[in-house]
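Have the sequence and the 3D view ready, and try each exercise before you read its solution.

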There are 2 protein chains.
Amino acid sequence: MEERTLKSPGHCTGTDHDYDVLQWDTRQGCEVRHILDRVADKWSLLTIAHLERHTLRFSELHRNIQGISHRMLTVTLRQLERDGLITRTIHPVIPPRVDYTLTPLGTTLHTTIQTLVNWTEHHQHEITAARTAYDNRQHNQPT
Amino acid sequence: MEERTLKSPGHCTGTDHDYDVLQWDTRQGCEVRHILDRVADKWSLLTIAHLERHTLRFSELHRNIQGISHRMLTVTLRQLERDGLITRTIHPVIPPRVDYTLTPLGTTLHTTIQTLVNWTEHHQHEITAARTAYDNRQHNQPT
DNA sequence: CGGAATCCTCGCTGATACTG
DNA sequence: CAGTATCAGCGAGGATTCCG
């Protein structure tokens, strides 16, 4: 049973929406963690991006999101589908055809993500600079 | 040399801020990926949250972010420091004392993250519902 | 073509022990 | 107290193969 793969590894019983990042060690805010994990996942993000305004079939996604393995595309699509972020439409034809679309929810997520992307775009140079500075500092005591 | 741990596993030469999530397989937008990785990391996020408006020393963070190992706290702090998100201040006293603070950049990141957290908070029920629905659907053809 | 199951690697992380 | 280094265990993810 691969079913387990989709499920969260732990607890997360809390249905309260009493978010407090400071207590992620408890089960509060646990949802946030998982959403974040989904969103921050390379393939999830890429998939959502590609489905933005498009309906694509498995093979098209596989072709477009180059670098993704057959397996990971399947897994990713499953996760996103389970979370209600994308819709999976099976066309009962003989060469099987399955279409994937972003749900309204998925679209809003994409929009939200954009905020983070914008932040990054806006500050990438600062970060790059910080890294360079840090690295140079470290390189002073090698060997 | 543990130094490698901090560095990115791959390329990321692009300094252009021409973000196109659709081509993360190239080096464009690669930065976004890394920021996202940092941000989505359980401990990074927790650390940033705890440093929000506070200056804390290593032991305090270790105490507060309960569940984090000595090692991971060190690693996390290093990464965040390298990216210029936190500041590390060493007090040359005999029982060593090191303080960590969020940099202005780190603060803005924290704010941005909040957007995502808000989205999650706002849609968690939809997601939970979607998951439940999905899971029930699957449970119908067991064995 | 879309997907599921199996195998196998390898990077992340925690535990532990040692410096300054 | 703060930090580094080493080792071991676990699990995510890639490749491959078979099914519908």
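This is a predicted model: local features need pLDDT of at least 70, side-chain atom pairs count only at pLDDT 80 or more; totals for chains, interfaces and linings use all residues.

**Exercise 1.** Work out how many helices and strands chain A has, and in what pattern they come.

*Solution.* Start with the count: chain A holds six helices and three strands. Next, walk along the sequence, and the pattern reads α-α-α-β-α-α-β-β-α. Finally, look at burial: of the 143 residues in chain A, 45% are buried.

**Exercise 2.** Decide whether Thr87(A) is buried, partly exposed or exposed, and find what it touches.

*Solution.* First locate Thr87(A): it sits in strand 2 (residues 86-91) of chain A. Then take its relative accessible area, which is 35%. Buried would need a value under 20% and exposed one over 50%, so Thr87(A) counts as partly exposed. Now list its contacts, leaving out residues up to four places away in sequence: Thr87(A) touches Asp99(A), Tyr100(A), Thr101(A) and Thr103(A).

**Exercise 3.** Find how helix 2 and helix 4 of chain B are oriented to each other, and what kinds of residues meet there.

*Solution.* Begin with the axes of helix 2 (residues 42-51) of chain B and helix 4 (residues 70-82) of chain B: they come within 10 Å and cross at roughly 75°. Angles from 65 to 115 degrees count as roughly perpendicular, so that is how helix 2 of chain B lies to helix 4 of chain B. Next, pick out the residues: helix 2 of chain B brings Trp43(B), Ser44(B), Thr47(B) and Ile48(B), while helix 4 of chain B brings Met72(B), Leu73(B), Thr76(B), Leu77(B), Gln79(B) and Leu80(B). Sorting the residues of this contact gives six nonpolar, four polar and no charged.

Definitions and conventions: Residues are numbered from 1 along each chain as its sequence is written. Chains are lettered from A and ligands numbered from 1 in the order in which they are written. Side-chain values use heavy atoms; hydrogens and water are left out. Helices (H or I, at least four residues) and strands (E, at least two) are DSSP runs, numbered from the N terminus. Buried means under 20% relative accessible area, exposed over 50%, partly exposed in between (1.4 Å probe, protein chains only). Axes are lines fitted to C-alpha atoms, for helices over the stretch in contact, and angles run from 0 to 180 degrees between N-to-C directions. Angles under 35 degrees count as roughly parallel, over 145 as roughly antiparallel, 65 to 115 as roughly perpendicular and the rest as oblique. Contact means heavy atoms within 4.5 Å. Ala, Val, Leu, Ile, Met, Phe, Trp, Tyr, Cys and Pro count as nonpolar, Asp, Glu, Lys and Arg as charged, and the others, Gly among them, as polar.
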